[in-house]
Amino acid sequence: QRCEYTVPQHVCQEGCYWISSPVDEQMTSRVVLLTRDIARGWLKRNDGNRTFSKINARILTAEMTRGFWRANGESIVFDTEGVLIDGQHRLRAILSSGHQYLAPVITGVLAEARPTVDTGMKRSTANNFQMAGESNTSTLAATVILWKGYQSRQVKEMTHPEMRLSVSGAMEYLEEWPGLREAASAANKLRPGGQGRMLVPTSEVALVWFAIVSSGASRERTNDYLGRVLTGYSLSPGSPILALRRRLSEHMRPGQRMHKRERLALLLKAWQLWSTGKTRKVLRWEVDEGFPFLN
């Protein structure tokens with residue numbers, strides 16, 4: 001009985017007969033061109049897999065749609081009864097995006113081995129940056145995500161997990177904005193110890209540093225501003241930086257937490273005031289006043 005799928009012979013030497021029923025008594029490996037039709041059929045065999053994550057599937061779908069996905073050797077896995085035990089999110093992304101790619105498919109895995117599947121620690125974007133020889137990798141990885149949202153004027157992208165870049169997308173985006181490397185380095189050099197270290201996360205310092213420099217300010221002026229924000233050094237009464245530090249400090253108390261979006265808005269708003277010589281005793285930012293993007 002021939003299956004309804006078309007798989008090139010050079011991709012799967014034994015043809016496609018087994019695809020409609022991926023059942024094997026012993027562990028067997030094949031390389032297959034994954035298509036929408038195959039994904040649709042195999043997802044019907046997704047019995048008792050881990051809870052499906054819509055966010056993860058959407059991220060993978062976006063990665064495939066934008067051309068960021070790469071065939072990386074990760075396998076689709078079935079047990080001896082043909083039950084899918086690893087690969088549901090990738091298959092769902094193929095179904096949604098229409099993207100096709102080559103992948104190894106493992107059949108005949110013992111059902112009792114399911115709890116051990118996909119339990120290894122996943123590589124983060126920072127891990128991949130490190131392997132690529134980048135510096136300040138934790139800060140750099142977070143800054144790339146923040147800048148993607150800021151640069152596109154989509155504030156939600158800065159903080160919402162559904163909007164975040166994939167690892168490969170982040171690496172390609174870094175090549176588009178290489179200045180983010182300098183921003184991450186500058187932010188790490190600016191961070192003091194003690195309270196200043198807690199006032200603003202380093203990646204947010206890097207985002208603000210890059211936004212200010214990209215708007216035309218000098219690096220010296222930018223470092224002066226952020227250095228005062230983090231240390232509280234040489235602040236006169238009425239300084240918007242002093243008002244900013246008070247506001248940030250209020251949310252360091254137990255039970256108080258400032259949203260990243262508000263903190264970034266306050267940092268940029270204080271810069272706009274301080275850089276133009278204006279004073280301010282109290283600093284606030286409300287969502288309805290709009291995010292203070294720098295031109």
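What is the mean pLDDT of the protein, and what share of its residues reach 70 or more? The mean is 83, and 82% of residues reach 70 or more; pLDDT is the predictor's confidence in each residue, from 0 to 100.

This is a predicted model, in which local features need pLDDT of at least 70 and side-chain atom pairs count only at 80 or more, while totals for chains, interfaces and linings use all residues. Residues are numbered from 1 along each chain as its sequence is written, and side-chain values use heavy atoms, with hydrogens and water left out.

Confidence first. It is lowest in helix H9, residues 195–199, at a mean of 60, and highest in helix H10, residues 202–214, at 96. Helices here are DSSP runs of H or I, at least four residues, numbered from the N terminus. Over residues 1–14, pLDDT stays under 50. Where pLDDT is low, the predicted coordinates should not be read in detail.

Next, Arg90, which lies in helix H3, residues 88–97. Arg90 is buried, at 9% relative accessible area; buried means under 20%, with a 1.4 Å probe and protein chains only. Beyond four places in sequence, its contacts (heavy atoms within 4.5 Å) include Leu60, Trp69, Glu74 and Tyr101. Glu74 is 16 residues away in sequence and 9.9 Å away in space, C-alpha to C-alpha.

Last, helix H13, residues 260–275. Of its 16 residues, 12 are buried, so H13 is largely enclosed by the rest of the structure. Among the buried ones are Glu262, Arg263, Lys269, Trp271 and Trp274. Just after H13, Gly277 has a positive phi of about 80 degrees.

Terms used
Helix = DSSP H or I, 4+ residues; strand = E, 2+ residues; numbered from the N terminus. Buried < 20%, exposed > 50% of the residue type's maximum accessible area, 1.4 Å probe, protein only. Expected span 1.5 Å × (residues − 1).
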